[in-house]
Amino acid sequence: AAMLGAEEYGFCTAALIVMGCVMLRHCHLNNCSVGVATQDVLLEKRFAGKVDQVVNYFHFVAEELRETMALLGIRTMNELIGRTDLLEVHKEIIPWKAPGIDYSRILFKPDVPATVGVYCRKAQDHGIDHVLDRTLIEKAGAALGGREPVRFETAISNVDRAAGAMLSGEVAARYGEEGLNDETISVKFKGIAGQSFGAWLAKGITFELEGMANDYIGKGLSGGKIIVYPDKKATYRAEDNIIIGNTTFYGAIAGEAYIRGRAGERFCIRNSGLYGVVEGVGDHGCEYMTGGRVLVLGRIGRNFAAGMSGGIAYVYDPRNGIKYKCNREMVELEGLVSGDVNLIKALLQNHVKYTQSRAAKDFLGRFDREIKKVVKVMPIEYKRILLTGGISRRSAALEVLDG
């Protein structure tokens with residue numbers, strides 16, 4: 001790879017193997033027997049990976065690399081970059097269908113003076129010196145330095161991508177997984193947010209967006225709160241229009257979301273801890289979900305709950321259409337119990353509080369009648385584990401909504 005010009009290299013699967021992965025290939029089912037890809041407390045205890053094992057592996061990689069380089073008369077990696085003259089075509093292993101492929105352009109070596117070199121000679125400008133997060137971090141200084149609550153407003157546009165990621169990194173660096181108290185940092189945005197708005201948002205940060213957002217909003221949400229509603233000057237019905245893009249809240253592990261409007265496809269895919277409200281979703285909603293609670297106040301697309309092994313989804317279904325659109329390979333459709341009713345009411349009240357949702361207000365105004373039209377989407381195995389006491393009751397309670 002270096003001889004062909006590469007200066008960065010990926011070792012993802014190899015590192016997983018070193019940590020104990022045995023390639024069972026059902027990471028999405030939350031039942032990894034060696035505790036690598038799971039949130040199951042019992043299975044996590046089986047994880048035997050050690051940092052030293054990964055370090056040792058990369059020592060071996062480096063040692064073997066230096067041995068090969070020595071055979072070639074190369075002393076440093078920089079000298080190896082782009083040395084296509086050291087490569088040749090192994091014609092004996094070329095498939096019979098491909099003998100006529102011309103490799104000359106792949107193996108081409110530019111005529112570059114040795115003093116210049118073909119490896120990286122100056123740092124790349126990644127364009128992050130002036131991103132929106134720099135402003136967010138500066139304005140949140142009192143909260144980052146002394147946990148003092150701060151609230152401010154700022155504009156946002158679709159070129160502002162992953163807004164909040166660097167801010168969350170600052171919170172994590174200072175306060176770790178504990179984060180900050182709820183709403184210590186509250187930011188009101190206005191405009192069209194770019195991709196990955198609120199990605200990995202840390203506990204204690206609240207992002208309120210008046211406008212709309214692109215794909216991947218709330219990706220990896222880690223305890224923060226995201227609120228989205230249309231521009232107050234908008235004349236369209238929020239509940240009938242898409243306000244956030246596709247693959248939203250992908251892999252969220254904790255936090256809350258209140259979305260006044262519809263989401264695109266793959267809403268809450270791989271969600272493992274988010275409690276959220278949305279007013280409709282496209283295809284593949286709650287796909288591979290392993291935890292959390294999701295309330296959908298509007299229409300759903302096809303293949304809802306495919307691969308869903310944990311958490312619970314509540315779908316307002318006045319037309320009784322969920323049975324045609326839900327993938328019931330791993331879930332059952334059930335009626336509500338008192339705990340579900342209390343949670344749904346709390347979520348609706350929060351939704352009205354944060355977004356002034358008309359759909360939620362109408363629901364609450366006729367609550368006793370409308371609650372009967374809500375269907376509970378319950379993963380079969382998750383239900384079995386709950387009934388046998390395999391998961392702490394606290395993890396399924398309302399603590400995320402306390403206060």
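In the predicted model, R147 is partly exposed, with a relative accessible area of 34%. The side chain of R147 forms a salt bridge with that of E178, the N to O distance being 3.9 Å. E178 is itself exposed, at 54% relative accessibility.

Another joins E334 to K383, with the closest N and O atoms 2.7 Å apart. The partners fall into separate classes of accessibility. E334 has a relative accessible area of 19% and is buried, because the limit for that class is under 20%. K383, at 28% relative accessibility, counts as partly exposed.

A further salt bridge links R366 and E370, whose closest N and O atoms are 3.3 Å apart. R366 counts as partly exposed at 36% relative accessibility, while E370 is buried, with a relative accessible area of 2%. Elsewhere, salt bridges with shared partners connect R237, E239, D240 and R358 in one network.

The arrangement of secondary structure was examined next. The protein contains twelve helices and twelve strands. Among the helices, α5 (residues 132–139) packs with α7 (residues 165–175). Two packed helices are described by the angle between their axes and by the distance between those axes. For α5 and α7 the angle is about 40 degrees and the axes are 8 Å apart. Angles under 35 degrees count as roughly parallel and those from 65 to 115 as roughly perpendicular; α5 and α7 are therefore oblique to each other. On the side of α5, the contact is made by D133, R134, L136 and I137. On the side of α7, the contributing residues are A165, M166, L167 and E170. The residues of this contact comprise five nonpolar and three charged ones, with no polar residue.

Most residues other than glycine have a negative phi. Y288, which is not a glycine, has a positive phi of about 60 degrees. Y288 is located in the loop between β8 (272–278) and β9 (290–296), and at 25% relative accessibility it counts as partly exposed. N320 likewise has a positive phi, near 60 degrees, and is a residue other than glycine. The position of N320 is in the loop between β10 (310–316) and α8 (322–325). N320 is partly exposed, with a relative accessible area of 41%.

L43 is found in helix α2 (residues 41–44) and counts as buried at 14% relative accessibility. When its neighbours within four places in sequence are left aside, L43 is in contact with N30, N31, C32, S33, V34, G35 and T38. The C-alpha atom of L43 is separated by 19 Å from that of G292, a residue 249 places away along the chain.

For the protein as a whole, the C-alpha atoms fill a box of roughly 80 × 45 × 45 Å, taken along the principal axes. Of its 403 residues, 42% count as buried. Among contacts between residues at least 6 apart in sequence, 47% join residues at least 24 apart.

The confidence of the prediction was considered last. The pLDDT of the protein averages 93, and 97% of the residues score at least 70. Over residues 393–400, however, the pLDDT is below 50. Beyond near neighbours in sequence, this stretch has 13 contacts in the model.

Methods
Residues are numbered from 1 along each chain as its sequence is written. Side-chain values use heavy atoms; hydrogens and water are left out. pLDDT is the predictor's confidence in each residue, from 0 to 100. Contact means heavy atoms within 4.5 Å. Axes are lines fitted to C-alpha atoms, for helices over the stretch in contact, and angles run from 0 to 180 degrees between N-to-C directions. Helices (H or I, at least four residues) and strands (E, at least two) are DSSP runs, numbered from the N terminus. Angles under 35 degrees count as roughly parallel, over 145 as roughly antiparallel, 65 to 115 as roughly perpendicular and the rest as oblique. Ala, Val, Leu, Ile, Met, Phe, Trp, Tyr, Cys and Pro count as nonpolar, Asp, Glu, Lys and Arg as charged, and the others, Gly among them, as polar. A salt bridge is a side-chain nitrogen of Lys or Arg within 4 Å of a carboxyl oxygen of Asp or Glu. Buried means under 20% relative accessible area, exposed over 50%, partly exposed in between (1.4 Å probe, protein chains only).
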